[in-house]
Structure formats: structure tokens, C-alpha cells
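Take a look at the model first, then read on.

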Amino acid sequence: MFAYGTTSRRLAGRLARPVQLAAASQSNARTYATTATAASTVVGTEPQPPPPPPRQWTPRTFPVSAPATDPPSGRRPNGKQILRDAVAATDVRNDWTREEIAAIYHEPLMELVHQAGTLHRRFHDASEVQLCTLMNIKTGGCTEDCKYCAQSTRYQKGTGLEAKKTESVEAVLAAARTARENGSTRFCMGAAWRDMRGRKNGLRNIAAMVQGVKAMGMEVCVTLGMIDGEQARELKAAGLTAYNHNVDTSREFYPSVISTRTYDERLRTLGHVRDAGISVCSGGILGLGEGHADRVGLLHTVSTLPSHPESFPVNALVPIKGTPLGDQPPVDFTDVLRTVATARVLMPATIVRIAAGRKTMSEEKQALCFMAGANAIFTGDKMLTTECNGYEEDKAMLDRWGLGPMKSFEKSPKPAAVESEYF
Ligand code: SF4
């Protein structure tokens, strides 16, 4: 749903301005005429030179080219208007077409960032960033074949990552306490599992972790692979705030990255999470070898779900030696920024989080992401199997840029969690 009142007022303002300027210039013309008359009255006696002949203006012609239907930059002829309409919205919409999303995504980057930042300020306090800490509660040994992941058994020979047992409830609660003392308001727990089938004890343990973290006044999220309706309800009963399950990329590109579970299976898990009343955290990974159209496809999938995910993590691939994507070149930062800004425009109420790959971003790049509407980060010692920006480093950075931590549950009962280093 859209509210066009703001647009109409702005338009009315824009139309009114030329009228005021015209009136002002007429009044100025009148003032100058009076002054000239007064001057000639004083000088009066001298003969005046004849006025110069009116200048002849030859209208210039400009070459007119046919509007490009597919400009090389990907920019769409109607992109500016689509972006403007999107930014004028006061409510969320989930009937985006791929073409509309592509039009927004391909708008000139600085304009896109500016507009996304404007919309961000309408839906969020732009001085707040949610701090989350992610703990790997079960490292390695996963049977899935996600080509980016160090925790898959299939790439263990190359990565050398040893599978470990699930962490104890006490160890997890101790880590959550440290995170809370350092300003994190959300604690996320990731386990390298395909799904929760046959893991009744595992689920009981996780329910205890969830209860313990929740009792500390923190938001709690988990990422445990695929879950069914009953498992989702059990987690909800334990007090889970959010469940993370990324769709990773576009439906079309997905099979080039994962073959052991389908895109639709991922969406079914998101449905179970939503039906159980748990917040949904679902995002993607950039730099897998996908193109712009796949990023548009990813954004289309999440922004057209019956309800937008409350959290959309944007991960930049951290290539891990020994995995099939271990030698991928880094994704261009402008593509990350473009994705963040487009996500903010499409899903204005969602928390957009900069997830994996932030460690390699300069502070200035992170600040650009915040300007474009990102409002959550992971902070702490580790992000599953990769390095994370530390608590002190992040606190100092936020302080320098005039940002502060978001309080727990500030944004309605909301989202988050993990899957490998990609959240
Ligand atoms: S991303 Fe998750 S599901 Fe895929 S291999 Fe890694 S731990 Fe398993």
C-alpha cells in the first residue's frame, strides 16, 4: 500500500516554486525600472543613446536518440520514477516485479544510496545499529554440499576443519553473557546441520540455550538447517525470537552452489518459521559467481514473501581454501552497497544486516552501508569459522560515526541467526 499524500505535497511544493520565482522576478523588474527612471530624472539633461537592437536567438537543436531499452549500465529508462515512487511509500509492499527491482538496483549508485537512506530514516532511527554476536554451537561435519562452506564434510580434506561436538548449555550461556556485557542485544547460535530430523535431544538442549539467553534479556536466534512445523513450534515455545535460513541467491543460480537441498525446501522452512510466529531472518551471499540478475532474483524472492523477513543479512563471500569457491575473487564493494540500498528500498521495515565479509571492509565502506540503510552488524571474536570485527573495534567505530546500539526488542519481536559464516 502506498500513501501518495507526501508525493502530492512535494509535487505541489515543486510546482508552486516557479510561480513564486516568476512573481519575484516580475517585482524585481518593476524595482529596476523605477530605479532607472529615477536615475534618468537626475541625469535628465544628457541625450540618451538609442537602445541596442533586440538580440536574435537562434533556437539550438539537440540530437535526439531513441530511449535505450537496455542501457549498457543496466539502467532502466523508467528507473528514476520507480525509485521515487518506492521512496514515497509509507508502508511496505510485497508485490514487486523483477523488472521494478532491476530498475531500482541499476539506478546511479549515489542516488540509490541517498534515496535508500531517506526511506531508512522514515522507518528506523538511523542512529541505531543492532549489535549481534554469533556463536558456532556445533562446528563442522555437515552433510550438505554448499560450495562456500568450510563446515561441509565434503571439503574437509581441503579445509582441514575438524568436526566438533555440540557445545554445552553452560558454555553457550557464558558466551552470551560476555556478548551482553559488550553491548550485544542479540545472540545467535549456529549449528552445522542439514536438518533437525532425529535430533530430539539436540533440540531439547537448544531449547535450554534459548531459554537461558532469553532470560538475560537478549533476543535469541538460531540457525539449525531445515526444520518442520513441529520443531518450529517447539523453538517458539522455548522463547526463540528468530530463525535464520538464507536463500543465498536467485532461484536460477542456486543449483550452481548447492545440490543437496532445493530452493523450495529452503522456502518451506521459512514458511514453518513464519507459521510458528518466529521472526524470519533470510538473506544472501554475494560473490558466489552470480550476476546482477541473480542479486535482483535474490531480492525478488525475499521481498515478495507473504511477509518480508524481519532481517535480511547481506554476506560477502569469504573464500575458504579447500572449498570449491575458495579462489573466488572478492565481490566489488559497489555491488554490496547496491544490494544493501535496494534491499532497504524494497523492504523498508526490515533490519538489513552487514554479515560475513565485513572484516575486509574499511570503516568508510561500512559507513556507506549504514547510510544506505544497513542497521545491524555481527560483533565479537568469531563469526562461525571466520574472523569477526571485535567488540572494542566496533564500539569505537560506531562512536566515531555518531551511531549507537539498538536496544533489545526495539524493533518488534524480531529476527536473526546463522548458517555457516553466512547469516
Ligand atoms: S552452509 Fe550450513 S547447510 Fe551448507 S554445508 Fe555449511 S553448515 Fe551445512
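Which residues of helix 4 are buried? They are Leu-112, Val-113, Gln-115, Ala-116, Leu-119 and His-120, where buried means that 20 or more other C-beta atoms, placed from the backbone, lie within 10 Å of the residue's own. This is a predicted model, in which local features need pLDDT of at least 70, side-chain atom pairs count only at pLDDT 80 or more, and totals for chains, interfaces and linings use all residues. Residues are numbered from 1 along each chain as its sequence is written.

**Helix 4**
- Helices are DSSP runs (H or I, at least four residues), numbered from the N terminus.

**Helix 3**
- Six of the eight residues of helix 3 (residues 98-105) are buried, so this helix is mostly covered.
- The buried ones are Glu-100, Ile-101, Ala-102, Ala-103, Ile-104 and Tyr-105.
- They pack against helix 2 (79-88), helix 10 (292-303) and helix 11 (333-346).

**Helix 2 with helix 3**
- The axes of helix 2 and helix 3, lines fitted to C-alpha atoms over the stretch in contact, come within 8 Å and cross at roughly 95 degrees, on a scale from 0 to 180 degrees between N-to-C directions.
- That makes the two helices roughly perpendicular (65 to 115 degrees).
- Gly-79, Ile-82, Leu-83 and Ala-86 of helix 2 meet Glu-100, Ala-103 and Ile-104 of helix 3 in this contact.

Definitions and conventions:
A residue is buried if 20 or more other C-beta atoms lie within 10 Å of its own, exposed if 12 or fewer, and partly exposed in between; C-beta atoms are placed from the backbone. Two residues are in contact if their C-beta atoms, placed from the backbone, lie within 7 Å. Angles under 35 degrees count as roughly parallel, over 145 as roughly antiparallel, 65 to 115 as roughly perpendicular and the rest as oblique.
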